[in-house]
Amino acid sequence: MRIATGGISHETNTFADTLTTLEDFERRVPGVLRGQGVIEALTGTGSCTGAFIAASEKLGFELAPLLWTFAQPSGLVAQEVYDALSAEFISRLEDAMPVDGVLLGLHGAMVTEQIEDAEGDLISRVREVVGPDAPIIATLDLHANITPLMVEAATALFGYDTYPHVDHVERGTEAAQLMVDTIEGRVEPVTGYRQIDMLLPPPKQCTLISPMRDIFALVHAAERRLGVLAITMSGGFPFSDIHDVGASVVVHTAGDADLAQSIADELAEAVWVRKDEFSLQLTPVEDAIAYALQTGEGPVIMADGSDNPGGGAPCDGTVMLEALIKADAPRSSVAIIADPEAVEGAFAAGVGSEVTLTVGGKTDDRHGRPLELTGYVRLLSDGLYKNKGSMMTGMAVGMGRTAVFVVGGVEIILTSNRIQPFDMEALRCVGIEPTDRLLIGLKSAVHYRADFQPIAKAIFEVDTPGVHRPALTEMEFKRVRRPIWPLDG
Ligand SMILES: [Zn+2]
């Protein structure tokens with residue numbers, strides 16, 4: 001049995017000004033992987049493809065690796081970049097033929113300059129190569145905007161059940177198992193699908209807290225019903241302004257299409273009736289800082305989700321940083337500000353030097369203003385680490401050339417790359433011990449909870465401006481189907 005594998009992944013924030021280039025795919029560690037390079041880089045990692053590789057050994061099938069890459073979320077993917085990467089993907093698949101099936105590791109919210117549903121496009125082109133009978137099974141992020149075309153072109157879809165995403169390996173393993181069972185004729189998966197006309201703000205998609213925790217309890221109960229193979233409850237990525245944006249349910253059963261559809265309808269209704277619970281209240285930054293200063297107990301986590309690079313934001317927003325400096329907050333860290341120019345200024349000055357740097361606010365005018373700050377350079381680094389927490393464990397992360405710049409009681413991790421600091425190693429690799437800090441500002445909406453929540457004395461989702469600000473009714477949507485909650489009440 002021979003299975004092709006690969007994936008082109010991106011989570012596209014169509015509100016961000018930053019066009020996603022080939023360099024963005026190449027720069028994010030591990031870059032653009034080709035052929036055996038996929039196996040070499042992802043074996044043993046907590047990724048879906050890592051799970052496909054492990055399953056190939058355990059279940060005894062041969063993997064034909066094609067191409068795998070995952071750029072940091074940002075604005076629209078440049079058309080020529082998607083065209084080149086997808087053409088190479090398809091040509092590698094043609095060269096790998098004959099194969100019995102295709103396992104794809106995808107995200108599910110990629111938008112190019114011309115294609116709203118890039119995954120639908122890619123899966124359809126894979127289908128054209130392998131023909132109508134070979135199974136195509138894809139893993140998807142919990143933030144996938146699952147479209148009718150994706151459902152039609154794929155045999156089965158496996159979305160994550162967790163946010164923070166800590167179940168890549170489980171979903172990848174299940175996908176590989178279903179692939180083998182389907183090829184060997186033990187099951188014939190059929191699909192039920194229902195879009196939910198709701199845009200869910202990311203902080204409310206967290207599966208550690210209600211209502212999503214309760215909704216996933218219903219999903220898992222339904223998965224135990226006779227004949228049910230797998231259920232994906234996708235929260236959707238609301239910052240992709242496309243027709244099919246939003247939450248959805250995909251149900252696979254062993255041959256019973258009516259059962260699959262009725263469960264999809266039931267679960268969609270279970271989300272819809274709780275829609276009021278998906279409204280979100282953010283905390284003013286000053287209030288979160290005042291709370292920490294008053295209690296004196298840290299770490300108090302401030303999640304600056306509006307500037308979350310994991311959702312396509314620039315990661316150079318300064319509103320939270322400015323408030324910390326203004327409050328003269330002691331023992332405080334900001335992870336991270338992506339500002340290659342400021343990093344080079346710190347490198348030019350050298351370790352231990354005092355220097356004045358213009359920090360952040362440079363990508364656009366929607367994430368605070370650039371701050372002129374005088375401080376000292378404590379540490380310079382290559383910014384490389386490996387995740388040690390429960391999310392994407394073992395995956396290498398590259399922040400690029402990195403400096404720790406200290407202004408009063410506030411230390412700022414200045415990086416060259418936009419990285420979501422969801423693993424404590426983002427701080428520890430530059431000598432900052434999170435458990436010693438009073439206040440930690442993180443450019444993350446929810447993922448930080450996997451590693452930081454257990455050590456946090458308090459967590460605040462702070463109200464800052466940005467392209468990932470979960471105040472959806474204040475954003476100018478143009479392409480989404482209407483009516484949809486909460487835009488239309
Ligand atoms: Zn996600």
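Modeller: The account below begins with the domains and then turns to rings and backbone.

This is a predicted model, in which local features need pLDDT of at least 70 and side-chain atom pairs count only at pLDDT 80 or more, while totals for chains, interfaces and linings use all residues. Residues are numbered from 1 along each chain as its sequence is written, and side-chain values use heavy atoms, with hydrogens and water left out.

The protein chain is divided into domain 1 (2–277) and domain 2 (285–470); these bounds come from an automatic or database domain assignment. The C-alpha centres of domain 1 and domain 2 are 30 Å apart. To the contact, domain 1 gives 29 residues and domain 2 gives 31 residues, where contact means heavy atoms within 4.5 Å.

The size of an interface is often given as the accessible area lost when the parts come together. Between domain 1 and domain 2, about 2,300 Å² is buried, and carbon and sulfur atoms give 63% of this area. Buried area here is the accessible area (1.4 Å probe) that two parts lose on being put together, summed over both. Val-29, Gln-72 and Pro-203 supply 21% of the area that domain 1 buries against domain 2, more than any other three residues.

Between domain 1 and domain 2 the count is 1 salt bridge, the term being used for a side-chain nitrogen of Lys or Arg within 4 Å of a carboxyl oxygen of Asp or Glu. A salt bridge joins the side chains of Arg-366 and Asp-17, with 2.9 Å from N to O.

The rings come next. The structure holds 3 aromatic pairs. Rings of Phe, Tyr and Trp (its six-membered ring) pair if their centres lie within 6.5 Å; planes under 30 degrees apart count as stacked, over 60 as edge-to-face and the rest as tilted. One of the pairs is formed by Phe-15 and Phe-477, edge-to-face, at 5.1 Å centre to centre and 80° between the planes. This pair links distant parts of the chain, 462 residues apart: Phe-15 is in the loop between β1 (2–9) and α1 (22–27), and Phe-477 is in the segment after β19 (458–461). Helices (H or I, at least four residues) and strands (E, at least two) are DSSP runs, numbered from the N terminus. Phe-15 counts as buried because its relative accessible area is 14%, and Phe-477 is also buried, at 10%. The word buried means under 20% relative accessible area, exposed over 50%, and partly exposed in between (1.4 Å probe, protein chains only).

Phe-237 and Phe-239 form another edge-to-face pair, 5.6 Å centre to centre with 65° between the planes. Phe-237 is buried at 1% relative accessible area, and Phe-239 is buried at 0%.

Turning to the backbone, most residues other than glycine have a negative phi, and most peptide bonds are trans. Ser-210 and Pro-211, however, are joined by a cis peptide bond with omega of about 5°. Pro-211 belongs to the loop between β7 (189–195) and α8 (212–223). A cis peptide bond also joins Ala-335 and Ile-336, where omega is about 0°, and Ile-336 is in strand β11 (residues 332–338).

Asp-328, in the loop between α11 (319–326) and β11, has a positive phi near 50°. Arg-331 is found in the loop between α11 and β11, and has a positive phi of about 45°. Asp-328 is exposed, at 57% relative accessibility, whereas Arg-331 is partly exposed, at 42%.
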